[in-house]
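This briefing covers the pockets of the structure shown below and the arrangement of its strands and helices. Please read it with the model open alongside.

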Amino acid sequence: MISAISLAGLDCRFEDVAAERSGKVLGVVEYSNRPAGPVLRDGHPSMSLSMCGAGEPEFAEVWRTSAEVTNGEYKGLTYAHDGEYLFCSGRAEEGSDYVASTENAYLAALELIAFLGYRHVVRVWNMVARINDVDDDGGNTYIQFCRGRANAFERHSVSANLMPAATCVGSHGGGIAFYFIACRTAKATNIENPRQVPAYEYPPKYGLKAPSFARATWLSTAEGDGSDYMFISGTASILGSKTVYEGDIEGQCVTTLDNISVLVGSENLARYGIDADLTLKDLDCVKVYVKRGADMAVVKRICSPAFADHAQVAYVNVDICRDDLLVEIEGIVPPGAAGRMS
Ligand code: 3EB
């Protein structure tokens, strides 16, 4: 008897920047000290983000699959795909009109997913240089980015329920770099957090075009075989739509961790028909973005014990998209946590 359809396995790991890459690689993103790429190298997209200051630890985020990979380039985007998953990376160069350049880059990405047939975007990362720099209109780079992204989504009729999990944080240079994962047949369910107003419903105070993302995306790869993934967006110390614990790094860390706990807990997942009960200990490939280097020790003391001993956790000292946010945390629940899901 043929059991559930088995989809190509998707895998994310943090590795040494200099390590040899074995296996079938979909994409590599280096969290390093210089911006470069994306380019196609060794058969897959490769991009370097400027996320580390001098002496801070670098790492490479490596996305792999179990199926054969094909790659290509389209309007400045580099991509690789395996029949089920698409990895794509791009960059809007610094110094340009960020509304237009973000819109164009996102439009290219939406065209690409349509013609390659990977219509469900499940996770997006955006790294924005000078993210809090104020512009002539009294906005800032992040608000311009949000406008460009929203314009592209509107033009492709990406409605709120189709907006995937995302991260948007600062970088030390290189314009707006972004990368994303999309899938072909797996089912993507976008998940909100009852403690937070959906970002796409934020009041205009945070930008005339609200940010277009969900708090998490659940990826069901096959009915009931426990091989689901949960992608948790960059999460911050926000209740409703407001920053809480302004200036208080401990309060912001605890609130952020609590926000994630509620997001992944059984009560919230049940609202989406998902029968699973997850905790912070189920997260892997965690990134903790910290605005002020001086807070790093406190952040590590509070956050490290919250995650499983075996989890990969990277701490990155970059700016965050509101002046008053000091920390933002993201992660992935891999299929390994399947025992907890039914
Ligand atoms: C927030 O919750 C914090 O604009 O894509 C987190 C994750 C944040 C993604 C985005 C912004 C984004 O509003 C900021």
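The second largest pocket of this predicted model has a volume of about 340 Å³. Its lining is made up of 14 residues. Helix H1 (98-116), strand E8 (120-129) and strand E11 (187-191) each give two or more residues to that lining.

**Second largest pocket**

- Nearest the centre of the second largest pocket lie Arg119, His120, Val121, Val158 and Leu162.
- H1 provides the largest share of the lining of the second largest pocket, with 3 residues.
- Sorted by class, the lining of the second largest pocket holds 9 nonpolar, 4 polar and 1 charged residues.

**Largest pocket**

- For the largest pocket, the computed volume is about 520 Å³.
- This pocket is lined by 30 residues, and those closest to its centre are Tyr142, Tyr206, Cys321, Arg322 and Leu325.
- At least two lining residues of the largest pocket come from each of helix H2 (141-155), strand E9 (165-171) and strand E13 (229-236).
- The lining of the largest pocket comprises 13 nonpolar, 9 polar and 8 charged residues.

**The six-stranded sheet**

- An open sheet is built from 6 strands, arranged in the order E11-E12-E13-E18-E16-E17, with mixed pairing.
- At the edges of this sheet are E11 and strand E17 (313-317), each of which pairs on one side only.
- From one strand to the next, the twist averages 10°.
- E11, an edge strand of the sheet, is also one of the elements contributing to the lining of the second largest pocket.
- E13, which is placed between E12 and E18 in the strand order, supplies at least two residues to the lining of the largest pocket.

**Pairing of E16 and E18**

- Strand E16 (residues 284-290) and strand E18 (residues 327-333) run antiparallel and are joined by 5 bridges.
- Within this pair, Asp284 has Ile332 of E18 as its bridge partner.

**Helices on the sheet**

- Helix H3 (residues 249-264) lies across E11, strand E12 (216-220), E13 and E18.
- The direction of H3 is at about 150° to E13.
- Helix H5 (residues 296-303) packs on the sheet and touches E16, E17 and E18.
- Between the directions of H5 and E17 the angle is about 155°.

Conventions: Residues are numbered from 1 along each chain as its sequence is written. This is a predicted model: local features need pLDDT of at least 70, side-chain atom pairs count only at pLDDT 80 or more; totals for chains, interfaces and linings use all residues. Side-chain values use heavy atoms; hydrogens and water are left out. On a 1 Å grid over the protein atoms alone, a cavity is a set of points where a 1.4 Å probe fits but cannot get out, and a pocket is an open set with protein on both sides within 12 Å along at least five of seven lines; lining residues have an atom within 4 Å of a point. Grid points are joined across faces, edges and corners, and a volume is the space filled by probe spheres set on the points. Helices (H or I, at least four residues) and strands (E, at least two) are DSSP runs, numbered from the N terminus. Ala, Val, Leu, Ile, Met, Phe, Trp, Tyr, Cys and Pro count as nonpolar, Asp, Glu, Lys and Arg as charged, and the others, Gly among them, as polar. Two strands pair if DSSP finds at least two bridges between them. Axes are lines fitted to C-alpha atoms, for helices over the stretch in contact, and angles run from 0 to 180 degrees between N-to-C directions. Contact means heavy atoms within 4.5 Å.
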